[in-house]
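My notes follow the order in which I looked things up.

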Amino acid sequence: MRAMVLRQTGRPLELEQREDPLPAEGQVLLRVRACAVCRTDLHVVDGELPDIPLPIIPGHEIVGDVLEAGPGVDWQPGQRLGIPWLGYACGHCGFCEDARENLCDQARFTGYQLDGGFADRVLADQRFCFPIDAAYSDIAAAPLLCAGLIGYRSLVMAGDARELGIYGFGAAAHIIAQVALWQQRRVYAFTRPGDAAAQTFARELGATWVGDSDAMPPRPLDAAIIFAPVGALVPRALAAVRKGGVVVCGGIHMSDIPTFPYALLWGERVLRSVANLTRRDALEFLELAPRVPVRTHTVRYPLEQANEALADLREGRLSGAAVLTMD
Ligand SMILES: [Zn+2]
Ligand SMILES: [Zn+2]
């Protein structure tokens, strides 16, 4: 197999040839067709997440076909599956029994603690594989697996908000804005100040209002989702939501949140994070996406150009999602 491997954080990924891994009990070996690039991959590569077991293959928005199934696996060779960020949970702790396996203390994550999809082969736990609707090509489906799933969980946590703010208009926002608009919500898109490309993109998708992240929306929001990893946006979003409104932090990593006056939280405003995803989120969203239908905007890179894809994401040069392809 070929893989782009992180040997040391803060360093570029290196191309490596390896023997194909063998699926153990409950595992499938997939031939990777496409793997989208997520901001969390940057947090891994930059060493912003704790205890990264090096060397590791990043990538957790994987679409592939089953090459080989280990003992006790229900998936069949040839079946197309998606592999998300949550790659393992214990299955018997209190969180797992409550169907909140996203919070399991034993949870392990694809492309962070388990080798991921910046490669042409990947092993996956059969419990965390999801069929992909035939309406999607491999490339178009890949961003659904994280930007879509975690975006969807964030949207659910925003409750029934009709006036919905979205801070950071990248891959997750462009997917979830389509779902929100289909649900008859109004979307207020906040981008990096002066980011004309992202603002045009948000307007084209149907946002009611588009502005800089330091601007106030024309009316109070019912809820806001923050996808940008910028803690300073938390008090801004709290200031933009009405009493009883919700601010959802959708990212795994954020810069420190500055102190802010209690008045911004007062009035029963709620501030919460979203951690990972559950299998239920994956099943619900992957069933919903083709009905909207969610269209993903992708920029394709060959596997060997994973470093270029990461750099373009880091510099904000992408509108939509970077996707690595393996052929
Ligand atoms: Zn991700
Ligand atoms: Zn558990």
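**Domains.** I began with the division of the chain, keeping in mind that this is a predicted model. Domain 1 takes residues 2-145 together with 277-325, and domain 2 takes residues 148-273. I then looked up the distance between their C-alpha centres, which is 25 Å.

**Contact between the domains.** How many residues does each domain give to the contact? I noted 25 residues from domain 1 and 20 residues from domain 2. On the side of domain 1 that touches domain 2, I asked which elements give two or more residues. They are helix H1, residues 39-45, and helix H8, residues 279-288. Helix H8 gives the most to this side, with four residues. I also sorted the residues of this side of domain 1 by kind: 14 are nonpolar, seven are polar and four are charged.

**The sheet.** Next I followed an open sheet of six strands. In what order do the strands lie? I wrote down E12-E11-E10-E13-E14-E15, with parallel pairing. At the edges I found strand E12, residues 209-212, and strand E15, each of which pairs on one side only. From one strand to the next the twist averages 20 degrees.

As a reminder to myself, strands of a sheet pair through backbone hydrogen bonds, and the pairing is either parallel or antiparallel.

**Pairs around E14.** I looked at strand E14, residues 241-249, and its two partners. Strand E13, residues 221-226, runs parallel to E14 and is joined to E14 by five bridges. Here I located Ile226, which stands opposite Cys249 of E14. With strand E15, residues 270-273, E14 pairs over four bridges, again in the parallel sense. For Val246 I looked up the bridge partner in E15 and found Val270.

**Helices by the sheet.** What lies between E13 and E14 in the β-α-β unit? I found helix H7, residues 233-240. The unit made by E13, H7 and E14 is right-handed. Last, I checked helix H6, residues 196-205, which lies across E12 and strand E11, residues 186-191. The angle at which H6 runs to E11 is about 170 degrees.

Terms used: Residues are numbered from 1 along each chain as its sequence is written. Chains are lettered from A and ligands numbered from 1 in the order in which they are written. This is a predicted model: local features need pLDDT of at least 70, side-chain atom pairs count only at pLDDT 80 or more; totals for chains, interfaces and linings use all residues. Domain bounds come from an automatic or database domain assignment. Two residues are in contact if their C-beta atoms, placed from the backbone, lie within 7 Å. Ala, Val, Leu, Ile, Met, Phe, Trp, Tyr, Cys and Pro count as nonpolar, Asp, Glu, Lys and Arg as charged, and the others, Gly among them, as polar. Two strands pair if DSSP finds at least two bridges between them. A crossover is right-handed if, with the strands pointing away from the viewer, the path from the first strand over the helix to the second runs clockwise. Axes are lines fitted to C-alpha atoms, for helices over the stretch in contact, and angles run from 0 to 180 degrees between N-to-C directions.
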